[in-house]
Amino acid sequence: MRAQMPRAPRAVQARRTIVLAAAIAIAAAGCSSSSSSSSTTGTSTSTATSTATSTASAPASTSAVSTSQCGTKPGAAATGTPIALGAIVTNQPGTSFTDIPNMANAYFACVNANGGINGHPIKLYIETEQTNPAQIAADAKQLVQTDHVVGIVGNTSIIECSVDSSYWQKLGYDIIDSGIAPECYSTPNSAAVNMGPRYSSDGAVQYALSQHVNKIVFDQSNVPGTGYIAAGPAALAKAANVPIVQLTENVPISDADSVAIKEVDDAGPNGAVVLNFTPPEALVILQAAQKLGLEDRVKLWGCSTPCNTDFLAQSLGPKWNNKLFVNAELLPPDVTNTTTMNLYKAILKQYGSAVSGGIGSFSQMGFTEAEIAVHALDSVTGAYTVQSVNAAFQAVSNFNTGMLCQLWSYGSYSLHIPNNDDSTVTPDNGKMVTAQGCTQISSVDPQIAQYRSLAGTAAAAPAS
Amino acid sequence: MPPWSDFEPFIVSGLALGGVYALSGVGLVVLYRATGVLYLAFGAVGAMGALIAWSLGRENVPGWLTWLVCIAAAAVITLGYGLIFGPALAKRDPLVKAVATIGLTLILYGLMDLLWTSSGGQARSESLPTDNGGFSIGQIQVDWTQVIALAAGVVITVGTGVFLRYTKLGTAMRAMANDREITATLGVPVRKVEAAAWLGCGVLAGVAGLLLADLAALDATTLTFLVISSLAAVLIARLRSITLTFAAAILIGLLHDLLTPITALSNYQNMTPFVLAAAGLLVMSRRRVMTQSREEA
Amino acid sequence: MGADLGLRSTAGRQTSRRRPGRPQLIRAAVITVLLLFVLFGFPQLLSLYYIDTMTQVAVYSMVTLALGVLVGRVGLVSLGQVAVLAIGAWVAARLLFATAQPYPVILLEAGLITMVAGMVTGLPALRLRGLYLALITLMLAGAITVVLATVNFPNGGHGFLGYNGSLVHIPPIRRPSVAGSDPAYFRYAVIVAILMFLLVLAHTKTKPGRAWAAIRQSEPAALAAGINTTLYKLWALALASFITGVAGGVLAGAVHYLYSIGFPTQDSITLLAVTLMGGVYSMWGAVVAALLYQFLPALLNNWGVSADWLTILFGLGVLQVLTTAPAGLADQVPKDLARLARLLSRLLGRRTPAPGKTT
């Protein structure tokens, strides 16, 4: 017999109401969310928020590009059997890369509305994960065994490449991704459109070295792979005979002040501080440095590609003009007035309602990956199977994406670093402008050297 | 061992960090003294208020109004929680009451991520006008916001200490936190006092949220779980002394930052609050008497 | 007073019976059939996505079981169970990389080392009670998380820590030779989980179980009755740490790759929430909790519903459990179903069965 306090009926009803409310809420969420694991064209699966970066900054170009250019038969909606593709992306509080596959999906939506792939629409299944290896492995199996995807395009995850690499190899998938983990660049089955943290940090450090600093402080977030990432800058600094201090910070950073002080103290007045963080963390450090009045205490500040957003430029203010130099893996949207860039902006506007970050490197990456995939798929004759599609992906060679410094190739090498040429940008009163044009990442980084020995050096991409 | 001059700048930043912990920690202890509940949702409520303020700010609502809305939102959420769940859990162990606030924390945390989605390419930041002024101590600049945070910590410590001890309402709150039933039989208007306590707590949470969003980061995860680190100061003070909480928080912040120049230890500096709390608690509980009273000895 | 979550448990009721009566046998038979279905039916019926998910459910059911022992049987609320899991996983990974010992040996070693670690850190903390104890477990978990973030999980490197940060290819953690494939490993995990449940059952039905029940009722009274409360509390801590350590070992083999970001402090809070929701007083509660913690997110992920809704649900669940249904879903759902059955039969005009016949 249980001793209980006399229970008011009200409490029981309250309990039922709570549980009922929760159940309704979940059901409503399930119904309102527009899809299952697949993401359909252009619909937004997130509730409307006011977080979208203002894309109000008018594009430099005024040429009106019709989005129908994306497909082979403008205006003809594709109605054949869908070609299933898949993507796995990190989406957890504080880190969300969903913009990338969402933009790829927007591109596919455009293609589907304008002829598809030989009349077949593309259906992209997007699986989100929260950096849980078991979940990531399960997601891969879901894509292959339940969704029957024939290709993987748009993966962006902190650890997915490590977890699933052998699975993709075994099944023969050649994935096109935006890489982060080491395996995205060091395995035969993954080719990225970006440079990833290591090579992008290489680019930032390389620029700093070119400005004749006498010491480098390289600070990065403490997520998996720090040693691998640090090895690149270490090699570059060693070759230039410049001492380098390697630091890591646990993220999210709650004490940016001491981080900024530490970096500046270690670098000295003729040194450089190079950061490798996600935009929010980098912003916090730079803002702390500014509040403490430290930004001029070193010769220059550098940052890997994640810092390359207009949002950061706007938040930082004029003190960082020509003080902060950010490695840019993709052509800067604000100052590039080419057909492809305008097409990207147009597609983003028309089909990209699910892309909350607007114009920026994330959506650019998604666009580029989708572009490559469509280019490859267009060359497939016969049935769209795992073999035919991935053979086509692997056969992509010297493709001008219009978003990169070089032509992009997949190829059948044991490792892939197809984007190894980049520019450097600096904030200029709220926008990112070019400080140094396309420059090759130095072969002093052993991985880059190995890749170039296998694949050669890609030609520069003409403006398109 | 690095020279003394290497440590100097970290004294200032350590005090600032200590101020952050103090704001949160003092808030927690004040609430505990006034309501008997260790309000672990303190950070989450403040974060929600700050995010609401941020959203309004983007709609060009004037700054001072957004701050008021932030504080009001925090107050409303806290008051709501207190009125609905306070009486139901009033007779229960402090542990149960604290775990219940974990429930509120999870609800708010989930809501915040739904309403203000993380987007990989951007960050939110909240800045107060006091960020733009300051003075120098040595080579380091201190901005007014940090001074305000520290001052707010002091004011709250002293003010609420005085309030709880010397005013009628404060005494009633303390009595209620100790034993609600007996206080009710003494003729104290329990519901009103309870409402006042929760309302005050909510206001505190809102103010702290605004300051912390500026000083730390406007990020739901950071702000919500900052309470875990400030719990260290709260624990060292055995959840009783507001002044001791304040002092412990400052000490923790100082120690945390002073470890930065020591390269062998700097990777572990985030352990500072936890190690100090564990050590302090274990040292202070060396001799214990088993009691049957509700209050934790 | 202590940290009683509000209701006396039903565990004490059964410890006096020696010979199982008929209802007991029927129940045991039903459970056995259920388990056989899980072991052999699931791999046939479920896709690999759900098999992988169910493996995680098996792993975490051990963790929620351990937490249930601490919270439900002894009244020690631990806000750091995920950190203990991380220790178990770390030890298992290190041994799996460094030695070629058979898997069961490694699981045992992981469990024992975690047990020792749990006892060493827990013993001084046992002097505390209730809220203080819970908070200090949170502090200890926070400290362990920071250490883990710095030393990382073993990934095949050398040295004591076994971590090589510059690898471009990280080797996977191996699985037992008999259970390399996902369905086979699922069965392996379920079998290990069953063993852990039997271990807890053996404890609750014998002297430790009675001592724990006495301590949870009232520690001073138990002391006065001559029970060595420190010993039994330590025993519970040891058991919980052992089980969680073994679970960590199984987790290591399941995921192949371990990362410190996979064990954040806030997960311990969510774990406590689901354990309370599932019900800390019954062993079914541990399974329900694990389903909430691992299966529900996987299901919602498949439906495209954000995981945030689950966070909110868990928060609501905690509030609900603490205010109105302290025994959790495992206790409440059968009662609700019985009530629903009575309602239905009343509506259909048939004679209602005698009320009060629950579980």
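**Figure 1. The contact between chain B and chain C in the predicted model.** On one side 44 residues of chain B take part, and they meet 43 residues of chain C. Four elements of chain B each give two or more residues to the side that touches chain C: helix H3 (63–89), helix H4 (94–115), helix H9 (220–236) and helix H12 (272–284). H4(B) gives the most, with 17 residues. By residue class, the side of chain B that touches chain C holds 31 nonpolar, seven polar and six charged residues.

**Figure 2. Packing of helix H3 against helix H10 within chain C.** Helix H3 (residues 48–74) of chain C packs with helix H10 (residues 229–255) of chain C at an angle of about 170°, and their axes are 9 Å apart. Angles over 145 degrees count as roughly antiparallel, and H3(C) and H10(C) are therefore roughly antiparallel to each other.

**Figure 3. Residues in the contact of H3(C) with H10(C).** From H3(C), the residues that make the contact include Thr55(C), Gln56(C), Val59(C), Met62(C), Leu70(C) and Arg73(C). Among those from H10(C) are Lys233(C), Leu239(C), Ile243(C), Thr244(C), Val250(C) and Ala254(C). The residues of this contact divide into 17 nonpolar, three polar and two charged.

**Figure 4. Chain A, its helices and strands, and its buried residues.** Chain A contains 14 helices and 13 strands. Of the 464 residues in chain A, 60% are buried. Among contacts in chain A with a separation of 6 or more, 74% are between residues 24 or more positions apart.

Terms used: Residues numbered from 1 in each chain as written. Chains lettered and ligands numbered in written order. Predicted model: local features only at pLDDT ≥ 70, side-chain atom pairs only at ≥ 80, totals over all residues. Contact = placed C-beta atoms within 7 Å. Nonpolar A, V, L, I, M, F, W, Y, C, P; charged D, E, K, R; others polar. Buried ≥ 20, exposed ≤ 12 C-beta atoms within 10 Å, placed from the backbone. Axes fitted to C-alpha atoms, helices over the stretch in contact; angles between N-to-C directions. Parallel < 35°, antiparallel > 145°, perpendicular 65-115°, else oblique.
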